[in-house]
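Thanks for passing this one along.

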Amino acid sequence: MIPETKKEIITLDDGREITIETGKLAKQAHGSVVVRMGKTMLLCTVVSSYQKSNLDFFPLTVDYREKFAAAGRYPGGFMKREARPSNEEILTMRLVDRVLRPLFPKDYKFETQVMIQLMSYDDEVMPDALAGLAASAAIQLSDIPFEHPISEARVGRINGEFIINPSKKQLEESDIDMIIGASEDSVAMVEGEMDECSEEEMAEAIKFGHQAIIEQCKAQRRLAEKRGLKEIREYETEVEDETLKEKIFDKAFDTCYAIAKQGLGKKERSLRFSELKEEIKSEYTDEELEEKGSLISAYFGEAQKEAIRKLTLKENVRLDGRALNEVRPIWCEVNYLPSTHGSSIFTRGETQALATVTLGTSREANVVDNPTLQSEETFYLHYNFPPFCTGEAYPIRGTSRREVGHGNLAQRALEGMIPEDCPYTVRVVSEVLESNGSSSMATVCAGTMSLLDAGIQLKKPVSGIAMGLISDGEEHAVLSDILGDEDHLGDMDFKVTGTADGITACQMDIKIKGLSYDILVKALKQAREGRLHILEKLNETIDAPRKEPKEHAPKIVTRSIPAEFIGGLIGPGGKTIQELQKETETTIVVNEDEENERGIVEIMGTDQNGIEKVLQKIDALTFVPEKGNTYEVKVIKLLDFGAVVEYTEAPGNEVLLHISELAWERTENVTDVVQLGDILEVKYFGIDPRTKKEKVSRKALIPKPEHLKNKKSNKNQ
């Protein structure tokens, strides 16, 4: 018996449709939907445990996986099975998690798992833009407590016109690529890259995406009503003690306010708050602490947060004493590491990033092989966030999702400024050595300087800044260059990167409802002021890229050759190219350009002489003399029947100069006319039809002696 399904259709402005369907698949999950656009289909399920966890945070897992079968492909490598998630899958998980997590009740501590799987893929539809819609729709169909539906949409802009969920091909023409996450009344998350757009243009793109999301949220409500609304599950809520809360606020608020007002450093400030907390807890017995210790800590945290927020709003005073738009002191240095191809240190307050650049050939490109994306990145950035950078010690379990996300943001900020004709594969690595406020933006700044130090001819330098917002509904304060504590207690955390001429990337998490676009634009413009201030500091340290890579860094020369010469350069079993690399101490990479029937040869080495030898070999290999032209040659071997000569402009390219073509007179011995090492000129006649070999002649360039002319004349008579 075919199960009964319920369906909702969302029609986009351009006529394309998104379908949300439930009732056919995964019915034992607490909520499940299939979202379809074109041939792209996502299955999303959600399950939440009925047994409360012992954790003091909400254990939510958002998992997004792309099945290779969805695109009719096999997984690469030896293991023909999907394994750990790719960076692209992790980035999609983060996009969905950031919008969903704040909408679960604060006291909901039940393990919850949202699983989104790409089951069918259409090259015209990018599935990551549908993942948020699928996740929210599955939750709406469950009994899990959740505030309201949300969705996500990608916004592109082609020739000044915004478009929702553009295809991969359309994105190549777009100067904006942003994913917006929102509910019907509020934008919650923005992430993307753009081609130096203005603050107003960015706000317009967000507004455009939000309009599409509103319709997607309404469709989720309609689908839930069609299926029949489930009664939201009851769960054991955390007991509030208003009397205790009032008592803690009375004891903590004013002192927290006073501590925050002193403008202390991170360590001293944390110590003072910690001492105050312990002082308050000391007034309670062990039995009282065992019963209400967690509530005391929670209420103290609320009092501390409220005191800091009020201080900022009422007196425009920040935790470290800065003005609202003031950026912390900055110092920078380049060429710090002597053996790297490029390096820099960027320090802003208590945040520090050390960036390195490594230059390589196309062989070092980062290969991306996913069901939805196959490409090679010739510019990529890796971000490392070790425990010591925040004064902590904990086990390192591989690259975290946070490191992947922050590295991706910095990469998107910089990649548009790498010139199209850059011959190198470029890898930037950011080592975060200290962190108290936006190490990802420090990475962008350090990355810019290290690229300039490596001799990469950036179109323009890029800087970045992290901004915050505190609002009580009536008053608001926009904070430039936020601290870690300000990130935690604020209502909006947004990171903006760009050149002097516009924004290149952004990432925003907005925690308050109904943020006006006027405030958003104001915050973006204040961010621009801070960004330009930081850019000045970068320019003071290094104001232009090095004219060429450092002496110990590799140089790359690219040469295009006809396809028929590729085999000769590589040699049987790669013997020729391997010997040439060993002899010249270079790395040679040959890529085929099948469309133009050419071979692209990359020669990389630190010794210019070695590179020149390779170029000479290529010139010799690809040298094709033209019939009727004159060439200079060198005698390299003497034979009884002629001399072997090589073209001086193509050493190694040899041809036989027959004894009969040395001179007009009969030549008994080759050495009567030429000696080993002689330089002379010959005329090229092409392929001799009699011998089927190339023919060159010395005598053709010498005037014929008169007596030979007369001899021929007499013979004719």
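1. Glu 21, Thr 22, Gly 23, Lys 24, Leu 25, Ser 32, Val 33, Val 34 and Leu 43 line the largest cavity. Please keep in mind as you look that this is a predicted model.

2. How many cavities of 30 Å³ or more does a search of the whole structure find? The search finds 1. The space in the largest cavity comes to about 40 Å³.

3. Of the elements involved, β3 gives the most, with 3 residues. Sorted by class, the lining has 4 nonpolar, 3 polar and 2 charged residues.

4. Now to the helices. Two packed helices are described by the angle between their axes and the distance between the axes. For helix α6 (residues 266-281) and helix α7 (residues 286-315), the angle is about 140° and the axes are 11 Å apart. Angles over 145 degrees would count as roughly antiparallel, so α6 and α7 are classed as oblique to each other. The crossing of α6 with α7 is right-handed.

5. Which residues bring α6 and α7 together? From α6 come Phe 273, Leu 276, Lys 277, Ile 280 and Lys 281, and they meet Leu 289, Ile 296, Ser 297, Phe 300, Gln 304 and Ile 308 of α7. This contact holds 7 nonpolar, 2 polar and 2 charged residues.

6. Helix α8 (residues 401-415) and helix α9 (residues 439-453) pack with their axes 9 Å apart, at an angle of about 45°. That angle makes α8 and α9 oblique to each other, therefore, as well. Their crossing is right-handed.

7. On the α8 side of that contact you will find Arg 402, His 406, Leu 409, Ala 410, Ala 413 and Leu 414. Their partners in α9 are Ser 439, Ser 440, Met 441, Thr 443, Val 444, Gly 447, Thr 448 and Leu 451. By class, the contact of α8 with α9 divides into 7 nonpolar, 6 polar and 1 charged residues.

8. The crossing of α4 and α11 is right-handed.

9. In α4, Glu 199, Glu 200, Met 202, Ala 203, Ile 206, Lys 207 and His 210 make the contact with α11. Facing them in α11 are Tyr 517, Leu 520, Val 521, Leu 524, Lys 525, Arg 528 and Arg 531. How does this contact divide by class, and how many of its residues are charged? The contact of α4 with α11 has 6 charged residues, along with 7 nonpolar and 1 polar.

Conventions. Residues are numbered from 1 along each chain as its sequence is written. This is a predicted model: local features need pLDDT of at least 70, side-chain atom pairs count only at pLDDT 80 or more; totals for chains, interfaces and linings use all residues. Side-chain values use heavy atoms; hydrogens and water are left out. On a 1 Å grid over the protein atoms alone, a cavity is a set of points where a 1.4 Å probe fits but cannot get out, and a pocket is an open set with protein on both sides within 12 Å along at least five of seven lines; lining residues have an atom within 4 Å of a point. Grid points are joined across faces, edges and corners, and a volume is the space filled by probe spheres set on the points. Helices (H or I, at least four residues) and strands (E, at least two) are DSSP runs, numbered from the N terminus. Ala, Val, Leu, Ile, Met, Phe, Trp, Tyr, Cys and Pro count as nonpolar, Asp, Glu, Lys and Arg as charged, and the others, Gly among them, as polar. Axes are lines fitted to C-alpha atoms, for helices over the stretch in contact, and angles run from 0 to 180 degrees between N-to-C directions. Angles under 35 degrees count as roughly parallel, over 145 as roughly antiparallel, 65 to 115 as roughly perpendicular and the rest as oblique. A crossing is left-handed if the near helix is turned anticlockwise from the far one by less than a right angle, and right-handed if clockwise. Contact means heavy atoms within 4.5 Å.
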